[in-house]
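This briefing accompanies the structure shown below. It takes up helix packing, selected loop residues, the ligand surroundings and model confidence in turn.

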Amino acid sequence: MRRRAESVGVSLSVSIRCEDFLLSHEAVQQQPVADVIIANPPYFKLRAHDPRALAHAYAVHGQPNIYGLFMAACSFLVEPGGSWCFITPRSWTNGAYFAAMRRRILCNLSLDAIHVFESRVDHFSDDDILQEAMITWASARASVHGEVLLSTSHGSQDLTESALTSMPVREVIGGGQEQLIALRSQTDQLDAFSATFDTYGLKVSTGPVVAFRAKSSLRTAQGKNTVPMLWMQHIERMRVQWPRNKKQEHIAATASTAWMLVQNAPLVVLRRFSPKEDQRRVTAAAYVGGLPGAVLGLENHLNYIYRPGGSMTAAEALGVSAYLNSRVVDAHFRAVAGSTQVNAAELRKLPLPPHDVLLSIGAACRPGMSLAEVDRIVESALGLGNHSKRRRRANG
Ligand SMILES: C[S@@+](CC[C@H](N)C(=O)[O-])C[C@H]1O[C@@H](n2cnc3c(N)ncnc32)[C@H](O)[C@@H]1O
């Protein structure tokens with residue numbers, strides 16, 4: 001940097017300090033010291049009792065990631081009118097874990113621009129979940145036009161070709177305590193819907209069977225008191241495929257396991273983790289009945305949607321799983337969720353079409369149908385089919 005600066009007639013003085021930035025005098029004092037902060041911070045999880053997490057407790061909720069603490073700490077250090085620029089994974093833009101740091105940053109700074117790299121990079125992998133990277137620019141002054149510039153590129157190669165859009169700050173930063181940051185550069189087709197699973201009396205939960213704790217109840221062969229035990233491998237798009245001759249695909253249904261088993265009734269079962277190369281963020285199966293036993297085991301790497309105190313109909317389970325697997329919902333999750341995995345909290349917030357529309361989707365679907373068929377049925381039920389045809393024609 002010094003050589004480059006000299007070549008354009010600028011003298012650069014550099015100071016490299018070998019200390020922990022988060023425990024440094026500046027970071028702890030929280031007084032402005034810099035006109036510009038540019039950072040590519042470290043990225044790893046900290047224990048809640050780590051001295052750095054304690055020193056920046058104002059930005060911690062649950063288990064912090066060190067990069068979020070760098071972002072929050074630096075947001076105090078920008079002089080009025082100065083700038084702040086960070087390259088990070090996308091996960092800080094949503095999720096409860098980052099809510100406290102988001103509030104702090106958005107209180108200290110105004111968002112100016114965001115660039116998202118759509119290719120997911122190993123550099124930011126978290127528990128094997130690849131993350132998209134983003135660059136965020138903010139400044140210590142009131143937002144001038146009330147707009148945030150948004151751009152996306154696949155990687156750094158096509159950076160110069162990235163399309164630029166802008167969105168009002170109030171649409172980028174969600175209301176409420178969470179202050180989620182939405183990076184939608186085009187209107188979300190689900191914006192018109194105000195219902196969620198809760199509206200229809202449906203609940204999203206995580207599979208209650210934690211395999212290592214339930215070890216003594218899991219069985220490899222069917223027995224007198226066993227019922228099907230579903231794992232990720234049994235969940236295919238639009239259908240549950242059981243048995244698969246997999247180890248431990250049965251579980252003893254006894255008084256001691258009853259609390260962790262769910263009613264054998266129509267359900268929607270989702271994988272909580274999807275392969276990195278998967279084309280859609282959600283893999284949801286409609287379970288419409290047919291497995292033996294009064295109850296079922298659902299392993300902890302699954303989420304499921306059910307009706308507490310009642311049951312879903314087969315058409316409802318098919319309708320909900322088709323909707324979840326659809327291209328429209330995939331686009332929604334890509335816009336609002338940073339990681340490749342959609343968690344139960346994000347599912348609970350998913351806008352849903354009117355209940356009779358979900359039922360009509362379900363009536364037209366059958367277990368195991370292809371994604372192309374699912375997209376056609378969902379888009380036509382949501383009235384998007386003609387719209388996309390028109391657009392295609394308009395684009396020649
Ligand atoms: C993603 S690298 C970026 C390096 C460099 N800024 C760049 O852009 O090439 C993050 C750097 O932060 C350093 N680091 C990790 N924890 C730190 C801490 N608590 N305080 C200061 N530096 C830290 C790491 O050693 C690593 O060099």
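**Helix packing around α7**

In this predicted model, α7 and helix α11 (residues 371-381) pack at an angle of about 105°, with their axes 9 Å apart. The two helices α7 and α11 are therefore roughly perpendicular to each other. A further helix, α10 (residues 355-364), also packs with α7 (residues 314-325).

*Contact of α7 with α11*

- On the α7 side the contact involves A322, Y323 and N325, and on the α11 side L371, V374 and V378.
- By class, 5 nonpolar residues and 1 polar residue take part in the contact of α7 with α11, with no charged residues.

*Contact of α7 with α10*

- The angle between α7 and α10 is about 95°, and their axes are 7 Å apart.
- That angle makes α7 roughly perpendicular to α10, because values from 65 to 115 degrees fall in this class.
- From α7, the residues in the contact are A315, E316, L318, G319, V320, A322 and Y323.
- From α10, the contributing residues are H355, L358, L359, I361, G362 and A363.
- The contact of α7 with α10 comprises 9 nonpolar, 3 polar and 1 charged residues.

- R307 is placed in the loop between β17 (302-306) and α7.
- The R307 side chain reaches the backbone oxygen of S311 at a distance of 3.4 Å.
- Beyond its neighbours within four places in sequence, R307 is in contact with Y200, G201 and L202, and also with M312, E316 and H355.

**Backbone features in other loops**

- The peptide bond leading from W242 to P243 is cis, and its omega is near 0°.
- P243 is located in the loop between β11 (239-240) and β12 (250-252).
- Q30, a residue other than glycine, has a positive phi, near 60°.
- The location of Q30 is the loop between α2 (25-29) and β1 (34-39).

**Ligand surroundings**

- Around the ligand are the residues E19, D20, F21, N40, P41, P42, R52 and F70.
- A polar side-chain atom of D20 is 2.8 Å from a nitrogen atom of the ligand.
- For F21, a polar backbone atom lies 2.9 Å from a nitrogen atom of the ligand.
- N40 places a polar side-chain atom 3.0 Å from an oxygen atom of the ligand.

**Model confidence**

- The average pLDDT of the chain is 88, and 90% of the residues score at least 70.
- Over residues 386-396, the pLDDT is below 50.
- Residues 386-396 have 2 contacts in the model beyond near neighbours in sequence.
- Where pLDDT is low, the predicted coordinates should not be read in detail.

Notes:
Residues numbered from 1 in each chain as written. Predicted model: local features only at pLDDT ≥ 70, side-chain atom pairs only at ≥ 80, totals over all residues. Heavy atoms only, no water. Axes fitted to C-alpha atoms, helices over the stretch in contact; angles between N-to-C directions. Helix = DSSP H or I, 4+ residues; strand = E, 2+ residues; numbered from the N terminus. Parallel < 35°, antiparallel > 145°, perpendicular 65-115°, else oblique. Contact = heavy atoms within 4.5 Å. Nonpolar A, V, L, I, M, F, W, Y, C, P; charged D, E, K, R; others polar. pLDDT = per-residue confidence, 0-100. Near = heavy atom within 4 Å. Polar contact = N/O pair within 3.5 Å; in protein donor to acceptor, adjacent residues only side chain to side chain.
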